[in-house]
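Please work through the exercises below with the sequence and the structure open beside you. Each task is followed by a solution that goes step by step.

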Amino acid sequence: MLIPLKLLKEYVDINVDDKEFVRQFSLKSAEVDSFAPFVSVKGLTIGKILKVKEHPDSNHLHITTVDTGDTVQDIVCGAPNVMEGKKVIVAKEGVSLPGGVMKKALIRGVESCGMNCSLEELGIDAKFQGYEGIYYLDDDAPIGIDPIAYLHLDDMILEIELTPNRSDLLSIIGVAHDTAAMLNTSFHLDEIKYNEKEEEADISVSTETENCRAYYSKVIKNVKIKESPSWLKGALIKMNVRPINNVVDVTNYVLMITGQPLHAFNYNAIKTKKIVVKMAEDKEKFYTLDNKERILSKDDIVITDGITPLCLGGVMGGIESEVENDTTSIFLESANFNPKNIQRTSKRLDLVSESSTRFEKGIDPLMSKYALDLAAYLLEKLASGEILKGGSCFNNLPKEDKKIEISLEKIEKVLARHYSSEEIDKVFSGLSFDFSYKDGVYQVSIPPRRSDIETYQDLIEEIVRINGYEKIASSIPASYSAGKHNDYQKFIRKLRHLLSFSLNEVITYSLVNGKEVSYFDNKEMEKVKISNPLSDERTYMRHSLLPSLLNTLKYNVYHKIEDNFIFEIGRNYTLDKEETLVSGALSGLISSTLWSGKKEEADFFYVKGLLENVFTKLSIKNYCFIYPASPLKGLHPGVSAVLLSGREPIGFIGLIHPETQKEFDVPKTFVFEINAEKLYNASHPLKTVKEISKYPSIKRDLALVVPSSLTAESLMGKIKKYGKRSLSDISIFDLYTGEKLEKDKKQLALTLTFSDMKKTLEAVEVDSYIAEILAGLLNEGITLRE
Amino acid sequence: MEKEELKKQIKNELKEKDMSMQKLLEIKAAYLGKKGLIPSLMGEMKNLSQEEKPAYGEKVNALKNLAADLFDEKKKEIEEKEIGQKLESEKVDITLPGKEFNTGSIHVLNEVIEEVEDLFIGLGFEVKDGPEIESDRFNFELLNIPKDHPARAMQDTFYINAERLLRTQTSGAQAHTMIEYGGKKDVRIICPGKVYRRDDDDATHSHQFTQIEGLVVNKDVTMADLKGTLLTLARKMFGEDREIRLRPSYFPFTEPSIEVDVSCFKCHGKGCSLCKNTGWIEILGAGMVNNNVLDMCGYDSKVYQGYAFGMGVERIAMLKYGIDDIRLFYMNDKRFIEQFK
Ligand SMILES: [Zn+2]
């Protein structure tokens, strides 16, 4: 909404300077987008083109001799419409235009002392000039004065952004009400007086639908349609409305001032002498002002002559009843329609106008009659219209104002501040709300322009904003319980921090394309599809984070960033369940000391080891990695593993399949994806400490020859099985496969640690334990290396 | 032989500066070895009378000790020198780069969330979360946004079907918690999470972004409490000498509704490009909980009142670190990410 300050001042007194006014407005009324002069160029002059000569060295330039009152100077001008005798806007040397500061210059050898301007060159939208070239003022514009003032454009414009509840600020009068309250000054609305003819208005109005709630009308004869005076054109241009002719301009002007949309019909088009408001027939055809055929629906309100529609109520007039340059009599409408119908019609037909926007949000019903009178008065003055007596009307709106009660106690309980009765009186009377006060309770009547005020909470808002939010104290509410993360939230945070020691955390989009959604999903979960997606790339809610992580890798590699180690903690989605996953993608060098030639590349065991270390720090117990029963989607079948917690699969790790690598266009990459909630369930933080032995332990190394297919884990399981209780730890320190061994055999070297809680172990005891283990293993075909 | 004479003689033999250990041992043998000078002096004792023997023995012993001390001293000197030479030969160029490990980082949005969570946990809040695939009821209806409400147009929504959608605000978690608490327990929660709006991605819009919602409901929490809490938040995030100001705004689930500005931390109120020359920067929206929301979620609005606030995590991070394009958070360019180590 654009508010010209001079226009606003016609309705309210402003007793502070501009800067303070804008500050108060933004703190008490609505957000201020900008506050600036409509035209920021200073020092322009009205000049008269005395003579136009061809430029000797150009076929499109002219040399104009321009009289600006104090001087007559030559100005080289490239405009195609240059003409002798015309009044123009002259920017002389030193004037600062949006395009730069004017300087005297030689243009192809001819000295030019300034510029004849178009409106656009002054920073005004070109639509307000409507033709190419320099702008021509009226022929009687006085030479030597400021053209901006002459055009009534010398004003400051306050641009405000409205929240959807404050439709009352969509008019100058509405803004004036709020201004009066915030500055504690007076709001004024002049009484309107015009002459009525003896002849009575002869068009009767009625409605067949409740969606038209009020309708006022006037008949005005003998209007002379012509250009509006410059004060009216200036006012409209400042509010970004293009002047058309005096009748259209008056209705637009009244709309901007009062917020009440008006419609002017060609009186002669209403042949039946009656206006009947109806709901349209389904599929009924209608030609709107813009000469387009519209197919109507039962939701649309139409203004008819009893038979044919003349106007799409509140949205746009019809071509048949349009006011044209030769129209002499008009029928003027000021109505109140159901906002919901206007909203639907405007949306369905994609017809948005200043009028529909206001109807949609709800207008002030008390303005309907005032707006009609204001328009009649202006048409009498500006179009020499003859206003016929009376005017058919109806008004079915409630006559009583809404009343809301609020106690002083409640105000103070919510705002934690004591308000004096003067302070509250000032707010209510400033906003022109009638109110009474008795026994600590205010009864407030809400004028219908403030349809947003429905409850006592709304009244509290009025009090606190108009009185000032800065008067509210700052306190911290007392808390009697300690805040906390729950154990799961703590776990997730610790997981994030541990992984972030080695990996970069990323956040990627939850919405993915149809291929990515279930690329790594081994459970074939039900897909969640967006019914109104923005693009195919963002249509499904993902089941795995890995496609997005691989895309992140691709992006980085494309930008020549080769070593990428990333993880994300995010959700997968089905309609009724969202699970948190922790996923990672690792590719490239983990560590390097390049000048020494040492470097280490990420591989399966780096990823596994990283996770195992993190699991240790998170007290994850009873987990193991096993070969997948069937190949995992997107992974190398021989370099991938399922993570089991107890017997339940809770995730996987592995090298991506060469095909996957090709499809995602990424280098060799290792990934993992684990269900974080299930991982949390596998976490068993220490409750009581375990006793440690006071006696030294004994270590023995064994090199065992085992079948190639036997996993390290099952070998250790067997050793544990045959070992006694004092076997406290097993670790693997070497793996050998090669020529020295039989085919299908490998050699694993292990360190076994023995300890006893009660005594120092003797070497002979340990020897016998080892012998038992070896005997057991021998039965399973596992031998000690010779 | 007298002590002084022996001392002079040995010192003279050991005067060579860069003497090797080998040479030292050779000289030492000449004095203290089996056939050396000292043992031979001791040998002469047998030729003395019983009375002379003790005094002579004492004297030779003293000479022996003196010699041993002198040789030890020299030995130590040689050893120290050898260690010094060894250390010198082992010297490295400490300016060569160290071993490079891959070190990770936390995403800046999570860093901001953690910072906010920690502040509010300190103020007695719990952290709550809700589903991202939400029902119309929790995302809109219970927040006082019925079907035809204009606020629905402000938030273009991704729908799955007529009833299910991607949450457009974390405010839904408010309703979930109030209903979970059954209208009795005091509420004091913050809810961080992902939200989605049907906006094309550009420098200032993202179809996915992050919000933190806060809600307090009890019998006597006030607007002053809201103001104090937000002031604490603003100072924690943007510096201790920050101020805030409240401006009227509109959200369907709060009444009164406010927009909160923080005093510009770049120009300290003088006016700059960051604050568009106003000295103030908008950081979040807030208000007192609308009675309709309390009542719909089972809290009797005649007894309970509350406040709520919501902030965009991306906006906070953008302001804090001077980030000018919201897409950077989701592009995950390593060169961007690694700055937050
Ligand atoms: Zn600033």
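Helices, as the term is used in these exercises, are DSSP runs of H or I with at least four residues, and they are numbered from the N terminus. The model is a predicted one.

**Exercise 1. Which helix gives the largest share of the lining of the largest cavity, and what kinds of residue make up that lining?**

Solution. Finally, sort the lining of the largest cavity by type, which gives nine polar, five nonpolar and four charged residues.

**Exercise 2. Which elements of chain A and chain B give two or more residues to the lining of the second largest cavity?**

Solution. Start from the volume, which is about 80 Å³ for the second largest cavity. Its lining consists of 14 residues, and those that lie nearest the centre are A:V414, A:Q457, B:V289, B:N291 and B:Q305. On the side of chain A, the elements with two or more lining residues are helix 10 (408–415) and helix 12 (456–467), while chain B brings strand 8 (254–263), strand 9 (280–289) and strand 10 (305–312). The largest share, three residues, comes from helix 12 of chain A. By type, the lining of the second largest cavity holds seven nonpolar, five polar and two charged residues.

**Exercise 3. Explain on which side or sides of helix 8 of chain A the buried residues lie.**

Solution. First identify the residues: in helix 8 of chain A (residues 354–361), the buried ones are A:S355, A:S356, A:R358 and A:F359. Because these residues cover an arc of only 165 degrees around the axis, they are on the same side of helix 8 of chain A. Now ask what lies over them: the cover includes helix 6 (246–258), strand 24 (330–337) and helix 7 (339–348) of chain A. To finish, follow the chain just past helix 8 of chain A, where A:G362 takes a positive phi of about 95 degrees.

**Exercise 4. Is A:V39 buried or exposed, and with which residues is A:V39 in contact?**

Solution. Locate the residue first: A:V39 sits in the loop between strand 2 (31–37) and strand 3 (45–54) of chain A. The relative accessible area of A:V39 is 7%, and because buried means under 20%, A:V39 counts as buried. With neighbours within four places in sequence left aside, A:V39 is in contact with A:L122, A:I124, A:I148 and A:L153.

**Exercise 5. Describe the second largest pocket by its volume and its lining.**

Solution. The second largest pocket contains about 1600 Å³ of space. Of the 38 residues lining this pocket, A:K608, A:E612, A:A712, A:E713 and A:M716 are the closest to its centre. Elements of chain A that each supply at least two residues of this lining include helix 15 (604–617), helix 18 (712–722) and strand 39 (635–645). Sorted by type, the lining of the second largest pocket has 19 nonpolar, 12 polar and seven charged residues.

Conventions
Residues are numbered from 1 along each chain as its sequence is written. Chains are lettered from A and ligands numbered from 1 in the order in which they are written. This is a predicted model: local features need pLDDT of at least 70, side-chain atom pairs count only at pLDDT 80 or more; totals for chains, interfaces and linings use all residues. Side-chain values use heavy atoms; hydrogens and water are left out. Buried means under 20% relative accessible area, exposed over 50%, partly exposed in between (1.4 Å probe, protein chains only). The arc is that of the directions from the helix axis to the C-beta atoms. Contact means heavy atoms within 4.5 Å. On a 1 Å grid over the protein atoms alone, a cavity is a set of points where a 1.4 Å probe fits but cannot get out, and a pocket is an open set with protein on both sides within 12 Å along at least five of seven lines; lining residues have an atom within 4 Å of a point. Grid points are joined across faces, edges and corners, and a volume is the space filled by probe spheres set on the points. Ala, Val, Leu, Ile, Met, Phe, Trp, Tyr, Cys and Pro count as nonpolar, Asp, Glu, Lys and Arg as charged, and the others, Gly among them, as polar.
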